[in-house]
Amino acid sequence: MAEADLKVSGFGTLGGIYNDNDTLNFHRAFTLKATDTAWSWKSDSLIGVQLNASLDEKFDAVGQLVLKDRVSDRFNDNIELLFMRYRPTRDWYVRLGRTHAELYMLSEYRNVGYGYLWARPIPEFYAFSSSISQVDGVDVGFSRRVAGGLLDVKLGYGKSNAVFEGLNTQFEIDLEDVWVFTSQLTFEAWSLRLAAAQAEVDSFTFKAIGLVDGLNQVPSNLWPQASTMASDLTPEGQILNYFALGATYDSDSWVFQSEIGYMHSDWSFLQSFYSGYASIGYRFGDATLYGVVAHIENQNPPLYYQAPNLSPEVPPELSSAIGELYAESQLAINLNRVHQSSFSLGVRWDFYPNNTLKFQWDNINIEEGGTALWSHSFTQEIDTQVNLFSINYSFIFSL
Amino acid sequence: MKSLLRCLILLFGLCIIGQWVHGEELLVVVHKDNGIEQLTKAQVVDIFMGRYITFPNGQKAKAYDLAPKSNDKAQFYKQLVNRSEAQINAYWARLLFSGRSSPPVTVDSPERLVEALAQSPQGIAYIPSHYMTDKLKVVYRFEAL
């Protein structure tokens, strides 16, 4: 019996955030504008509307539009989901269209503040992955009961595009051959998750990338390392690999969640890093008190290339141009380094069905030269500390 | 021996009080013409927690839920997955807005639920036992507390 069924639902957050550091501007993902004022209503506030259409027993479709303070002004980027799903049997499905790259636990619902405990997905873990979230392509999923739990496995393939802001400038990235594999084993209270992803950089638009052309023009007999520096900085063809492990426990009074991840890349502009967090919460009636620790750090020390050692016969104009090229390239290479730890305390209060209020304090320690999760304009970096105070009201609705 | 007996009486008393505090027995029911005769607790969890949108025989399942803040709803999810209504709502927000599946259809009262179910061969719902009618069939009972 076919039964066409349309449902409209939505979610939103009105969030205020106070940042006590006047040089580091906060954004929860690189696709969002960073605010340079102490108080901001833009960092966490958003609104989303979703349409679910059930066409018959085997076909359905989902579309989701999310408005937030995006860097991009293209309408298309507001479409978070737009896919058709076919379920040939009880255990299998295939989706075609725009889906979320499900790298981490919150990747699929990172905009839905009502769906998680904290004021926002932990930036140390989610800022990078949330920035490459929309994948246009196809995925296949499968579920089965295994050892008293439910096993979900999914493999997706597609391409992705995003416009970012960082270091007070904009850049755009196109990824192709994006592969995402996820597996999750869910028991009554426990759930364990393993994911791996790979993507190839197809194009990258950023002003510093003009340096690559400059480096490629330097004759190799003058400065042999210029070509190595150029190829390490060249975006096209760079392979990014993600691996993530996660666990949650949610039952009765206690809620626990932790994820660890590793991103590998040989691209000098986006150097390999480890990240992770652990969160624990305790429920008192309608309120949940929680604490989180999080960390992100590059795998290797900063990359330094040997400075050109030019002979005195090289004309001074050329010599100074090459010297400048080296200095700028060297700076660009280590601009996106990350090294910070945070400690957060908060409370979520479910004061009314489908409505929640959250208060959160984050204390973040950022090591010298590891500020890439923030937007800022200084190049002289020092250790610093930031306190963020957040108040969020989140809701869901259905019409 | 005497103290053991006292313990047993106390335990029995607690069970009675527990039953009273939790309200009457909840039954998981389907339309009487539904091909399903019985479900395990895990299969009930699969349907009400949106993990599967079909009964184990592959037939489409349409789950019904009671309105927010009803005692029967709170008792059902506590017994099924040991979670509060707020936890269940947040869980469904995650599932719905990640595009995975849609939450059960909400009905205002057990009376309306029984009416809706009597007209829905795909339906499945939980009801307090005294609402049971001959148009419905019990597929799962929670063990006595």
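Reply: Let us begin with B:Lys69, which sits in the loop of chain B between strand E2 (62–66) and helix H3 (71–81); the model is a predicted one.

Me: Why is B:Lys69 called exposed?

Reply: B:Lys69 has 10 other C-beta atoms within 10 Å, and because a residue counts as exposed at 12 or fewer, the label follows.

Me: What makes the phi of B:Lys69 worth a remark?

Reply: The phi of B:Lys69 is near 70 degrees, a positive value in a residue that is not glycine. Most residues other than glycine have a negative phi. B:Asn82, in the loop between H3 and H4 of chain B, likewise has a positive phi, near 55 degrees.

Me: Why is B:Asn82 called partly exposed?

Reply: B:Asn82 has 14 C-beta neighbours inside 10 Å, and since exposed means 12 or fewer and buried means 20 or more, a count of 14 makes B:Asn82 partly exposed.

Me: What makes A:Asp286 partly exposed, and where in chain A is A:Asp286 placed?

Reply: A:Asp286 lies in the loop between strand E13 (273–284) and strand E14 (287–298) of chain A. Its count is 14 C-beta neighbours inside 10 Å, and because that value falls between the limits of 12 and 20, A:Asp286 is termed partly exposed. Beyond four places in sequence, A:Asp286 is in contact with A:Trp349, A:Asp350, A:Phe351 and, on the other chain, B:Ala86. The C-alpha atoms of A:Asp286 and A:Arg348 are 8.3 Å apart, although 62 residues separate the two in sequence.

Me: Why is H2(A) called roughly antiparallel to H3(A)?

Reply: The axes of helix H2 (residues 210–217) and helix H3 (residues 225–233) of chain A come within 8 Å and cross at roughly 155 degrees. Because angles over 145 degrees count as roughly antiparallel, the pair H2(A) and H3(A) takes that name. The crossing is left-handed, and the residues that meet include A:Leu211 and A:Leu215 in H2(A), with A:Ala226 and A:Met229 among those in H3(A).

Me: Which residues have the most contacts inside the largest nonpolar core?

Reply: That core has 90 residues, and those with the most contacts inside it are A:Leu103, B:Val29, B:Ala93 and B:Ala125. Helix H4 (residues 85–97) of chain B gives the most to this core, with 7 residues. Apart from it lies another core, of 15 residues, including A:Leu211 and A:Trp267.

Me: How do you know which part of chain B to treat with caution?

Reply: Over residues 14–21 of chain B, pLDDT stays under 50, and the model has 3 contacts there beyond four places in sequence. Where pLDDT is low, the predicted coordinates should not be read in detail. For chain B as a whole, the mean pLDDT is 85, with 83% of residues at 70 or more, while the model scores ipTM 0.91 and pTM 0.89.

Terms used. Residues numbered from 1 in each chain as written. Chains lettered and ligands numbered in written order. Predicted model: local features only at pLDDT ≥ 70, side-chain atom pairs only at ≥ 80, totals over all residues. Helix = DSSP H or I, 4+ residues; strand = E, 2+ residues; numbered from the N terminus. Contact = placed C-beta atoms within 7 Å. pLDDT = per-residue confidence, 0-100. Core = buried A, V, L, I, M, F, W, Y, C linked by C-beta atoms within 7 Å. Axes fitted to C-alpha atoms, helices over the stretch in contact; angles between N-to-C directions. Parallel < 35°, antiparallel > 145°, perpendicular 65-115°, else oblique. Left-handed = near helix turned anticlockwise from the far one by under 90°.
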